[in-house]
Amino acid sequence: YTKVEQISTGYAYCQMLHKLWPEKVVIKKVKFDAKLEHAYIENWKVLQESFKKLQIAKEIPIQRLVKGRFQDNFEFLQWFYKFYTINDSGRGDDYDPVAVRGGAATGITKSPVKRNPVKKTGPAAAAVSNIKKSGSGTNANIEVKRLTKEVSDLALTVEGLEKERDFYFSKLRDIEVICQEKEGDEAYTEFVANIIDVLYATEEGFGPAEDELEGGIEGEEEQEEY
């Protein structure tokens, strides 16, 4: 993975959870080559069923996650990383993710790098073949370490972005307070209005979560009844 948005396919979470509790995840239902949204949904449903079996009280916002928006996937990744770190006892160190998925290729592919063809002599080709055979026993551990490192790297990215988000949010909040203080001053009316418009402008994928909006509306209705 090179982007947080790529984990919206859901299969990585299924495989990581399968590493912890193989008997609770129906791995054969996971679509590792998923490239379309409907296939992503099936993967997330597999994870959701596993959560129920394990009695994990965590809601999975499937419809938002499959859209591939950074904010939604960023938040779920952060939660899963903490969850995985707490529950990883190390018993799955010999877990072979490639073998578990039957050698199935994943839907995430990297752009091929063009290289000039190199002719191999007979002895050299044989040597390469022997190396591949002798190294097959370590493929599982290498794959597990790679996946663990990716999760760790993404978590560090999440932590850094959170700090940056909080920093800029505090600055925007200070600007908002200043604008509110100037709202009654006619000399600043238009200027303040323009700043408020910019502060409250939204962009697809970065607006308030739907459940938060619904909660806010319900809260307002309840207050009106009183």
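Start inside the protein: its largest nonpolar core has 37 residues, and Tyr-13, Trp-44, Leu-47, Ile-60 and Phe-76 touch the most other members. A nonpolar core here is a set of buried Ala, Val, Leu, Ile, Met, Phe, Trp, Tyr and Cys residues joined through side-chain atoms within 4.5 Å. Helices α1 (11-20), α2, α3 (62-65), α4 (70-87) and α7 (139-181) each supply at least two residues of this core. This is a predicted model, in which local features need pLDDT of at least 70, side-chain atom pairs count only at pLDDT 80 or more, and totals for chains, interfaces and linings use all residues. Residues are numbered from 1 along each chain as its sequence is written, and side-chain values use heavy atoms, leaving out hydrogens and water.

**Overall build**
- The protein has 9 helices and 0 strands; helices (H or I, at least four residues) and strands (E, at least two) are DSSP runs, numbered from the N terminus.
- Of its 226 residues, 29% count as buried, where buried means under 20% relative accessible area, exposed over 50% and partly exposed in between (1.4 Å probe, protein chains only).
- Among contacts (heavy atoms within 4.5 Å) between residues at least 6 apart in sequence, 68% join residues at least 24 apart.

**Around Phe-76**
- Leaving aside residues up to four places away in sequence, Phe-76 touches Tyr-13, Trp-44, Leu-47, Phe-51, Lys-58, Glu-59, Ile-60, Pro-61 and Leu-65.
- Phe-76 also belongs to a cluster linked by ring pairs, along with Tyr-13, Trp-21, Trp-44, Phe-51, Trp-79, Phe-80, Phe-83 and Tyr-84.
- The whole structure has 15 aromatic pairs; rings of Phe, Tyr and Trp (its six-membered ring) pair if their centres lie within 6.5 Å, with planes under 30 degrees apart counted as stacked, over 60 as edge-to-face and the rest as tilted.

**Cysteines**
- Cys-14 is buried, with a relative accessible area of 1%, and Cys-179 is buried at 4%.
- The structure holds 0 disulfides, a disulfide being a pair of cysteine sulfur atoms within 2.5 Å.

**How confident is the prediction?**
- The average pLDDT (the predictor's confidence in each residue, from 0 to 100) is 76, and 73% of the residues score at least 70.
- Confidence is highest in helix α2 (residues 37-53), at a mean of 94, and lowest in helix α6 (residues 122-135), at 45.
- Over residues 109-136 the pLDDT is below 50, and this stretch has 2 contacts in the model beyond near neighbours in sequence.
- Residues 209-226 also stay under 50, with 4 contacts beyond four places in sequence.
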